[in-house]
Amino acid sequence: MNNAANALTLEQVRIHLAGRPLLHVDATVAPGDVLTVMGPSGSGKSTLLAFIAGFLQSTFTAQGQVRLGDTDVLRLPAEQRGVGLLFQDPLLFPHLSVGGNLRFGLPHRSPQKSAQVAKALDQIGLAGFEARDPATLSGGQQARVALMRLLLSQPRAVLLDEPFSKLDTALRQEMRTLVFGQLREAGLPALLVTHDEDDATAAGGQIIALG
Amino acid sequence: MLRLAPLLIIALLVIPVTAGLGMVLLPAFGYLPVLGSEQANLSAWQMLFAQPGLGRSVAVSFASGLASTALALLIVVLFLAASQGTWLDRSLRRLVSPLLAIPHAAVAFGFAFLIAPSGLMARFISPWLSGWESPPDALIVNDPWGLALTFGLVLKEAPFLLLMSLAALPQLQAEQRLRLARSLGYAPTLAWLKVVLPSLYPLIRLPVYAVIAYATSVVDMALILGPRLPPTLSVSILGWFNDPDITRRFMASAAAVLQLGVTLAALLSWWLLEQLSRRLSHRWLTNGDRQRGEALFTVTGRAGLTLASLAALAALVGLGLFSVAGFWRFPELLPQSFTFDHWQRSADMLAGPLVNTALIALLSTGLAAVLVVATLENEQRQQLHPTRSLWLLYLPLLVPQIAFLYGLVVAAERLGIRPQLALVVAGHLLFVLPYVYLSLAEAYRRLDPRWLYIAQSLGVSRRRAFWRVRLPLMIAPLLTAVAVGLAVSIGQYLPTQLLGAGRVSTVTTEAVALASGGNRRLIGVWALVQAGLPLVGFMAAVALPRWLGAPRRAPLNVQRQG
């Protein structure tokens with residue numbers, strides 16, 4: 001895999017809130033690596049993710065470049081950026097079944113959708129859960145389905161917004177291993193924002209402190 | 001396309017109201033070229049002030065409007081203060097939407113059946129308590145002071161204000177404030193009145209003003225419950241507008257302007273009362289008193305709304321009883337015999353008005369729902385802040401109907417549009433739109449934006465995310481808003497009557513027309529049908545999402561916290 005061609009590059013990214021500088025980041029994340037951004041609440045961690053993913057509120061202004069390989073993602077609408085999101089809530093669509101949520105993630109013209117969904121569920125130990133209502137799943141199961149939904153959408157980079165903060169300690173360790181393992185295996189550059197030192201250690205990459 | 005929606009809504013609400021007001025103001029000062037009068041003059045006003053009983057009409061309109069609003073607000077506020085989290089609170093909250101859905105006319109008829117000398121209440125206490133063997137000879141319904149009208153209005157206004165308060169409360173973190181005040185030693189009801197109410201009132205001020213405007217100028221309830229000689233100002237105006245003597249229209253226009261003044265005066269008085277109570281309560285809020293009055297507030301708070309709800313329910317039961325009553329001697333609580341004659345005789349006559357009612361309600365609500373969703377979606381996409389234009393939505397609710405609807409008919413006629421079904425639909429839209437907007441906006445804005453971020457980050461465009469994520473997640477509040485819209489349309493009397501020129505008959509116009517006849521069995525049938533229609537809408541709104549397989553229980557994180 002060609003590292004430079006698929007890296008996530010943040011070049012002189014500066015975000016201002018009402019004219020006041022909020023943050024400044026300059027970094028490159030190689031495929032399979034995780035860049036951790038740490039900082040207290042209010043330091044603009046989540047704002048950085050919203051900027052990269054294409055959801056920056058109009059009260060913020062931003063400068064700089066964000067590239068995925070050679071692509072300037074800032075010129076693309078959010079849905080064409082190929083930037084996947086994982087939040088602390090799994091946010092499985094309540095009007096769709098577990099299988100429906102995974103299919104929602106699959107690109108429109110993927111072959112053998114059912115087989116892909118079944119395989120994804122099997123990978124996270126939930127084989128045969130296609131028809132279940134997401135509300136009947138445990139917190140850990142929902143988190144795993146959300147991760148698979150993200151991976152099935154074949155993103156080019158992944159943004160993680162405190163994805164483990166709502167899990168209990170035992171589950172948190174398990175999910176860290178699963179998430180970082182899957183991201184490395186898929187060779188995706190990832191950006192993690194957190195205020196938990198252990199997350200940063202488990203991610204095992206470069207760390208930037210904000211605020 | 002989407003960007004035009006908010007402009008379209010504002011145009012749809014503002015243009016008819018201003019055009020209508022204009023076409024009432026001009027003739028009030030003698031200008032109505034159609035009738036060959038082009039010279040400004042004051043003769044309409046001289047004629048108006050020469051009408052016998054005008055002062056009394058004005059006084060009853062003003063007083064019943066203000067008193068009913070004050071009473072309804074007091075009942076709602078004390079109830080919320082006294083019943084937080086109790087069993088009573090939960091059950092009445094469930095009742096509030098259905099109660100609100102019952103049209104004004106049906107409530108008025110039911111209430112009349114309840115309090116009339118031969119009504120259910122008199123029968124309940126006769127003869128064992130009252131000693132009455134025949135109905136007492138007293139003018140209770142249509143009393144000259146407008147008391148029956150005032151209490152009838154309270155029955156409709158209290159659920160409305162309660163619903164508006166319940167919608168505003170989540171913004172205030174009432175639970176936390178209450179816990180804080182109680183940890184400082186405040187008794188629960190006093191705590192609510194001192195720490196929640198001062199922040200709640202500003203949020204429900206516009207609805208309160210809308211209630212005052214409505215109550216000071218109501219026509220259908222005043223026709224049923226209000227005084228007769230002279231009637232309220234609004235009812236007098238309707239009579240003059242419909243007078244075959246065309247010169248009376250000038251006077252009616254002048255009276256419509258006077259009605260506008262009466263409503264404005266009531267709003268101004270209320271505003272002065274607000275200032276006064278703010279001054280007076282300032283000391284009370286900070287005097288550190290944690291206990292005094294607690295018991296009194298708690299008891300009246302729980303009793304007030306319970307009584308109002310019971311009265312509304314009893315009114316419905318009364319309608320039902322009268323509609324199937326055969327022979328029914330006075331002090332007997334129940335009819336001696338039951339019959340379906342009245343229903344069978346009404347069935348043929350019901351069909352036409354029922355079709356009209358449904359057609360008008362579905363068309364106006366459908367249009368309103370599309371416009372409102374488009375506006376809210378546009379607001380979300382443009383990240384606009386909503387508050388500025390909100391008062392424009394209230395415009396048709398703040399200007400008395402009688403003051404601009406007749407002008408609207410005149411304005412439409414000048415454009416060559418004759419009164420007809422389409423005009424009635426457009427007229428209903430004026431009142432349906434604000435309510436659909438008000439009931440949907442909060443839920444729409446509170447949907448966690450991360451649902452849409454997730455969808456878009458999975459490669460779905462904003463347009464598709466709207467259909468595949470936003471709409472399915474909003475199906476329950478959307479259907480509730482539609483049910484509210486249907487209920488508002490079904491209950492409209494004046495817009496149907498005026499914009500349809502009496503030729504478009506709905507269940508509501510037919511029911512109100514029965515008021516003068518006094519055949520209670522027939523009234524029972526029509527009022528019950530009128531009351532039942534909106535309930536069908538609400539039941540569908542509850543049942544449909546389940547049937548469509550939408551999430552049975554809303555997951556906790558569908559809505560943004562706080």
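In this predicted model, B:Arg93 is partly exposed, with a relative accessible area of 34%. Its salt-bridge partner is B:Asp89, with the closest N and O atoms 3.0 Å apart. B:Asp89 counts as buried, because its relative accessibility is 4%, under the 20% limit. Both residues belong to helix H4 (residues 87–101) of chain B, where they sit 4 residues apart, about one turn of the helix.

The salt bridge between B:Glu377 and B:Arg470 (3.8 Å, N to O) joins helix H15 (residues 341–382) to helix H21 (residues 462–491) of chain B, so it ties together parts that are 93 residues apart in sequence. Both B:Glu377 and B:Arg470 are buried. A network of salt bridges also links A:Asp89 and A:Lys166 with B:Asp448 and B:Arg450.

Turning to the nonpolar side chains, the largest core holds 214 residues, and A:Leu191 and B:Trp192 have the most contacts inside it. Helix H19 (residues 421–446) of chain B gives the most to this core, with 14 residues. Domain 1 (1–28 + 347–551) and domain 2 (51–337) of chain B both contribute residues, so the core lies between them. Beyond its neighbours within four places in sequence, B:Trp192 is in contact with residues including B:Val77, B:Leu80, B:Gln84 and B:Leu200. Another core, of 33 residues, lies apart and has A:Ala146 and A:Leu160 among them.

How values were computed: Residues are numbered from 1 along each chain as its sequence is written. Chains are lettered from A and ligands numbered from 1 in the order in which they are written. This is a predicted model: local features need pLDDT of at least 70, side-chain atom pairs count only at pLDDT 80 or more; totals for chains, interfaces and linings use all residues. Side-chain values use heavy atoms; hydrogens and water are left out. A nonpolar core is a set of buried Ala, Val, Leu, Ile, Met, Phe, Trp, Tyr and Cys residues joined through side-chain atoms within 4.5 Å. Buried means under 20% relative accessible area, exposed over 50%, partly exposed in between (1.4 Å probe, protein chains only). Helices (H or I, at least four residues) and strands (E, at least two) are DSSP runs, numbered from the N terminus. Domain bounds come from an automatic or database domain assignment. Contact means heavy atoms within 4.5 Å. A salt bridge is a side-chain nitrogen of Lys or Arg within 4 Å of a carboxyl oxygen of Asp or Glu.
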